[in-house]
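Me: I'd like to go through a model with you, one question at a time. Could you show it to me first?

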Amino acid sequence: MSEAIRNAFRQQAAGCRAMNSPLTAYVLDTLAEVLDRNSRTGARILDWPGEPMADALKLRIAGGLHALARSGQDPELTALYETGAGDFNAVLKRVLNEWDDWLYPWLDSPPQTNEVGRSAALMAGLMVAAKRLAMPIDLFELGSSAGLNLNLDRFHYNLGGLEAGLADAAVRIAPEWKGNSPDGKWPQIVARGGVDQNPLDVRDEAIAARLLAYCWPDQHDRLARLEAAIATARAHPPVVEAGDAADWIERKLAEPHSAGVARIIMHSVFWQYMPAHAQVRTEAAILKAGELATADRPFGWLSFEPDPPAISPMQLRLRLWPSGEELHLAACHPHGASISWF
């Protein structure tokens, strides 16, 4: 079993390398070699009872190590992460033993991230919806995490040469773009809210630090963008309720829909993590809302998800009612770093 675990670390390392995080890849490759049962953390990893890929086991410990490096409590580890150079084998082996009690709890739960780069694709989709529906938007997000993307209209974008958003925004997103700029208009979001099983309140310094730890350490632009998005969320706290997505969306869509306002559901890299029964319920609630939509009470569904069984690229799709039109808008890098606009 331990060899299967080591191979899972190598497999994840290859994925990190392909997604331009060679430091994370090297850390995971090193762990595949140096993990042993001399620490509780090492033994728990090597004896992991579940599926290491599905459980994101590798990224759990990667987050813990990055958090420790960011904290500065182990100067040698911090230097390793800051420079990307040094004796990774010796340092990581020592850290697993000396910081065993500190690292062990990081294995308790899978990473919870909130990738702000996806807001470029989501905003492009909302712009298309805003032009077609021509009215203010009430925005609902499923799987919001910290709700950072609910503030997407408070960011600035360059979408294939199209400058959009707040000129003085702290969060600035300019993905690599292929194709024409989106044919849309800036949306007026009059209400917004989200749901997550475990909402993260980034006003809590410990929660913000944990969120930053799951961002790969050598992707400095992503880290800077995440820090800016956290600052924006502290100034404009998003409302994210704790709960089951299917329960929440059924309840929200049962509430009266005001005339002259478009309701839009959005989610990004979330659908695949829902249980099958929850997917069925959520889709049924969305389709029912679509059937009830009228010209003065329109409805939309914006998704940034892979086409199974592939895990990449993400497909940006928009469905609008009452017209019933279905638009395949773009294929995107999972973090939103590149967008091929259709």
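Here are my questions, each with its reply.

Me: Happy to start! What kind of model is this?

Reply: Residues are numbered from 1 along each chain as its sequence is written, and side-chain values use heavy atoms, with hydrogens and water left out. Local features need pLDDT of at least 70 and side-chain atom pairs count only at pLDDT 80 or more, while totals for chains, interfaces and linings use all residues, as this is a predicted model.

Me: Which side chain of opposite charge is nearest to Lys58?

Reply: Lys58 belongs to helix α4, residues 57-71 (helices are DSSP runs of H or I, at least four residues, numbered from the N terminus). Lys58 is buried (under 20% relative accessible area, with exposed over 50% and partly exposed in between, for a 1.4 Å probe and protein chains only). Lys58 has no salt bridge (a side-chain nitrogen of Lys or Arg within 4 Å of a carboxyl oxygen of Asp or Glu). Lys and Arg count as positive and Asp and Glu as negative, His and the chain ends not being counted, and the nearest side chain of opposite charge, 6.4 Å away, is Glu51.

Me: Are the rings of Trp102 and Trp106 stacked or edge-to-face?

Reply: Trp102 is partly exposed, with a relative accessible area of 29%, and Trp106 is buried, with 8%. Their ring centres are 6.2 Å apart and their planes are at 25 degrees, so the pair is stacked.

Me: Which residue has its charged end over the ring of Trp106?

Reply: A charge sits over a ring if NZ of Lys or CZ of Arg is within 6 Å of the ring centre and within 35 degrees of the ring normal. At 4.1 Å from the centre of the Trp106 ring sits the charged end of Arg210.

Terms used. Helix = DSSP H or I, 4+ residues; strand = E, 2+ residues; numbered from the N terminus. Phe/Tyr/Trp six-rings, centres within 6.5 Å; stacked < 30°, edge-to-face > 60°.
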